[in-house]
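Please read the points below with the model open beside you.

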Amino acid sequence: MSKKALLIDGYVDEPAAFGVPPYISHYVRYAAGILTIKGYDVTYLTIDQIRAKNLWNFSSSFDLVLLVGGVAVPGKYVGGNPVNFKEMQRIFSNCRGIRLIAGPFSLFYAKRGGSRAYQSPIHADYLLGPDLAIDLYNYLFETNIPRNDWRIIRTAAVWGASIIKQHPRYPHIICEVELSRGCERRTHCSFCIEPIFYPGFTSRPVQHVLEEITELYKNGCVAFRFGRTANILAYYFEKDGKPCKEAFKELYEGIWKSCPEIKVLHHDNANPAFITHFERECTEILETIAKWNTPGDVLSFGVESFDVKVLKMNNIMNDPENIVRAIKIVNEIGKFRADGIPKLLPGINLLHGLMGETDQTFEENLKWLKAILEKGLLLRRINIRQVIIEPKTALWRYSKVGKLKFNRNLFKIYKEKIRQEIDLPMIKKVFPLGSVIRSVYPEYTEGSITFARQLGSYPVLIGVGGKIFDCSDVVVVDHGPRSLTAVKYPLNINKASYEELVLIPTIGQKRASKIILNRPFSSFEQLKEVLNDENCLQVLQQVNAVIL
């Protein structure tokens, strides 16, 4: 009789790893693989399933319980809420078998941005380190294999691929795929936990990545993101060498040859300083990415600040001019539209609460963002966060002897200014009125609005008029600073609901009622006579409305 293991996905959010639904992290897949190799029958649950079904006592019937979770990067989530410390204690208090913890939780616990992480006593039998596959293998098989042994990870990734079928959102999931560990830089940013998790930089063999993606594809996954890497462009980079463009060609050609029906192939982190330092090589790599990826892709730039003093004091190794140059390079290569939306755009992260920050820092950030907007450059999104001060980082050490200044009121004021003065006009450029967005999936419903997103890297939240229950195409009819308003595409005037019609600019409640009372229409000329408004008709045509 096989032993039973319960694998609980409490969700992770790290600088180079994400696992909040619809994402499923590499951690849980590797863990499932190692447990299967050891002979366990693995049951997979998310923390949201445990909450919704009140399964806090469920863990008592398993021989082993492994909880993966923890937040190292502050964020707000739509698809799920990461496990908290009390929930973890509640789960483990009912365990009768082996209790294991993996993810950032095994090292520290952070409640939110703008706070210090802390280390709490955890009542578990063993804490697995960042190299979950190796640590779990060593624990279960009583071996002493060194970390970063890609051979073990290769086996774990393939054996654990089928666990995705137990995810509550399957098949509408996106798998976070690992390419490299650590940071290619010799020195590191003051706040970053990545070099603490992985002290040395190492790249995963291309063939291993291809084998994992192929196995996931066989098990029904058609959406992937190369997110488990601190800088996608440094894949196969060697110290004192140059970026390896050949590795990218081999990787993408291999993926599409083995998995021709992929729907999403996206990316996450990229270092703007790396782009400008190796401009020729990175330009070629970016061209390769833009050739093989799918539309709506985002490269997340760890800008953190445009304040030169903050950049220097926190060893971020960048400057505003180079950041703008890197943004321009990505725009030149990737802003062309495919399926109605840009193929590849940069997004930027701004981080507050760092060493050297003053009130002037907020002005500098706004000034440079305005310059980017005025130059006509596109940004897919701007993340504005407060730093988590995490153990063993330079920022942690500084915070014990110096005082970090943070103007909370000014942070809120400038965040709102950026949302209104930068984000709103920017999102209108990225997703103009009438843009068709393909294959969006419902997240939740509020009143007559269904909130939905595409599968992908930093997908925009879309409020869709009426209810959608499965994958749908929508057309953009309005904009918020960080979200879109849309209706189902194509919008048939003769069948559209009142809730859909009122969302369209210039229509409003009275005209929506007029349209409904005078249906069916046989032509736009007939509709024009009823509305008696040329501008209104133009807007309907802009959003690709049809009369059928």
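**Note on salt bridges and cysteines**

1. The structure holds 30 salt bridges. Keep in mind that this is a predicted model. The points that follow take up some of these pairs and then turn to the cysteines.

2. Start with Glu178. The side chain of Glu178 meets that of Arg181 in a salt bridge, with 2.6 Å from N to O. Both Glu178 and Arg181 are buried.

3. Glu178 also forms a salt bridge with Arg228, and here the closest N and O atoms are 3.8 Å apart. Where do Arg228 and Glu178 lie? Arg228 is in strand β11 (residues 223-228) and Glu178 is in strand β8 (residues 174-178), so this pair ties together parts that are 50 residues apart in sequence. Arg228 is buried, as is Glu178.

4. These residues belong to a network of salt bridges that links Glu14, Asp131, Glu178, Arg181, Glu194 and Arg228. When you look at Glu178 in the model, look at the other members of this network too.

5. A further pair is found in a helix. Glu364 and Lys367 both lie in helix α13 (residues 359-374). They are 3 residues apart, which is about one turn of the helix. Their side chains meet in a salt bridge, at 3.4 Å from N to O.

6. Lys367 has 46% relative accessibility, so Lys367 counts as partly exposed.

7. Now the cysteines. How many disulfides does the structure hold? The number is 0. Cys183, for example, is in no disulfide: the nearest cysteine sulfur belongs to Cys192 and is 6.9 Å away. Cys183 counts as buried because its relative accessibility is 17%.

8. Cys221 needs a separate check. Cys221 has 0% relative accessibility, so Cys221 counts as buried.

Conventions: Residues are numbered from 1 along each chain as its sequence is written. This is a predicted model: local features need pLDDT of at least 70, side-chain atom pairs count only at pLDDT 80 or more; totals for chains, interfaces and linings use all residues. Side-chain values use heavy atoms; hydrogens and water are left out. A salt bridge is a side-chain nitrogen of Lys or Arg within 4 Å of a carboxyl oxygen of Asp or Glu. Buried means under 20% relative accessible area, exposed over 50%, partly exposed in between (1.4 Å probe, protein chains only). Helices (H or I, at least four residues) and strands (E, at least two) are DSSP runs, numbered from the N terminus. A disulfide is a pair of cysteine sulfur atoms within 2.5 Å.
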